[in-house]
Amino acid sequence: RKLEQYNTIDDAAHLLRRSRNIMVITGAGISTSLGIPDFRSKHTGFYDKLRQKGYEDAEEVFEINNFDERPDIFFSLAGDILPNLTRVTPTHAFIRLLQDKDRLQTNYTQNIDNLEAIAGIDENRLIQCHGSFATATCRKCKYKVKGTEIFDDIRAARIARCKRCAEEIERKKDAPPPLKRNKSSSRTRTFDDSDEDEDDNIPEAGVMKPDITFFGEQLPNTFFDRFTQRDAQQTDLVIVIGTSLKVAPVSEMPNYLPHPIPHIYISKEPIAHVNFDIQLLGNCDDVVFELARRAGWDLRHEMIPVG
Ligand code: OAD
Ligand code: ZN
């Protein structure tokens with residue numbers, strides 16, 4: 001069978017209309033029009049900003065060991081990438097449109113702003129490969145809260161602490177001093193032993209970490225399972241939008257998919273290290289608007305208020 005050649009935006013529109021299992025892989029570029037910086041753009045990217053502030057190896061801010069050692073650094077910087085959850089972009093709306101037209105197989109997003117979910121992408125069509133700000137978990141006791149509960153702390157550049165740990169500490173303060181070991185009792189509270197070590201340390205509530213996947217942490221299992229065992233076999237079109245494809249394993253997904261499956265790339269800058277059939281360069285909101293128009297679909301070209 002002769003391999004078809006795809007080059008133009010009209011070819012891309014034709015592919016959209018013809019495909020029923022579209023895999024959409026997204027990155028920070030789809031949210032920049034809302035004022036959320038991406039990571040690697042010169043001057044405007046979060047990592048460039050960090051370098052300007054003197055953090056040479058900017059990615060280290062997202063290393064889990066650094067977070068545990070110096071949570072204050074993460075909390076002093078994360079305010080800049082905190083999503084404003086009141087609007088989504090035309091690009092989010094485009095992915096939603098694919099879903100409404102029953103063409104979206106899965107949206108694999110590296111974004112942590114949770115705006116795909118807010119745009120109405122079904123939970124079972126959305127894989128947040130790097131987690132999200134939607135929830136946060138205590139590093140000490142694993143207590144989980146809604147992400148918005150720690151947004152004020154992040155905005156104020158203050159370490160978010162765990163409420164449950166704090167309550168526990170309060171309870172211990174109010175409680176009568178622990179019983180001394182009593183040999184005659186079978187219900188000896190042996191864990192009181194450890195309390196003795198802590199006597200001079202003031203106990204501190206655990207730090208709340210947004211449930212985003214840091215370097216050094218595993219991606220969610222659903223990511224690997226769904227991609228390798230289901231989506232890779234069934235997909236009929238891959239559209240990659242607004243990501244530099246610099247971070248594995250997401251960067252390896254397009255190459256893992258055989259090339260009879262057409263690959264489309266939409267971003268500001270061309271990409272050379274991954275082979276795409278069509279590259280549509282420009283502001284992704286403009287590109288998807290034009291793409292939808294040529295497919296004969298109705299997509300608004302404005303930010304869309306939500307909630
Ligand atoms: P990058 O900043 O590496 O790439 C964003 C891409 O989007 C760049 O190629 C930009 O040119 C492009 N872009 C920006 N604004 C755009 C716009 N309006 N229209 C079209 N293209 C635009 O971000 P990611 O690839 O998402 O990990 O980064 C991947 C991971 O690296 C992130 O998930 C993050 C980071 O370390 C964690 O937070 C754990
Ligand atoms: Zn806790």
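UniProt positions are given here in the numbering of this model, with feature names shortened, and such annotations may be inferred rather than shown by experiment. With that understood, the UniProt record, an unreviewed entry, places the feature "active site" at His-130. The model is predicted: local features need pLDDT of at least 70, side-chain atom pairs count only at pLDDT 80 or more, and totals for chains, interfaces and linings use all residues. Residues are numbered from 1 along each chain as its sequence is written, while chains are lettered from A and ligands numbered from 1 in the order in which they are written.

His-130 lies in the loop between strand 4 (126-128) and strand 5; strands are DSSP runs of E, at least two residues, numbered from the N terminus. His-130 counts as buried because it has 21 C-beta neighbours inside 10 Å, the threshold being 20 or more other C-beta atoms within 10 Å, with C-beta atoms placed from the backbone. Leaving aside neighbours within four places in sequence, His-130 is in contact with Gln-110, Ile-112, Ile-212 and Thr-213, contact meaning C-beta atoms within 7 Å.

Strand 5 (residues 131-138) is joined to strand 6 by 3 bridges, and Thr-137 stands opposite Lys-144 in strand 6.

Definitions and conventions:
Pairing = 2+ DSSP bridges. Helix = DSSP H or I, 4+ residues; strand = E, 2+ residues; numbered from the N terminus. Buried ≥ 20, exposed ≤ 12 C-beta atoms within 10 Å, placed from the backbone. Contact = placed C-beta atoms within 7 Å.
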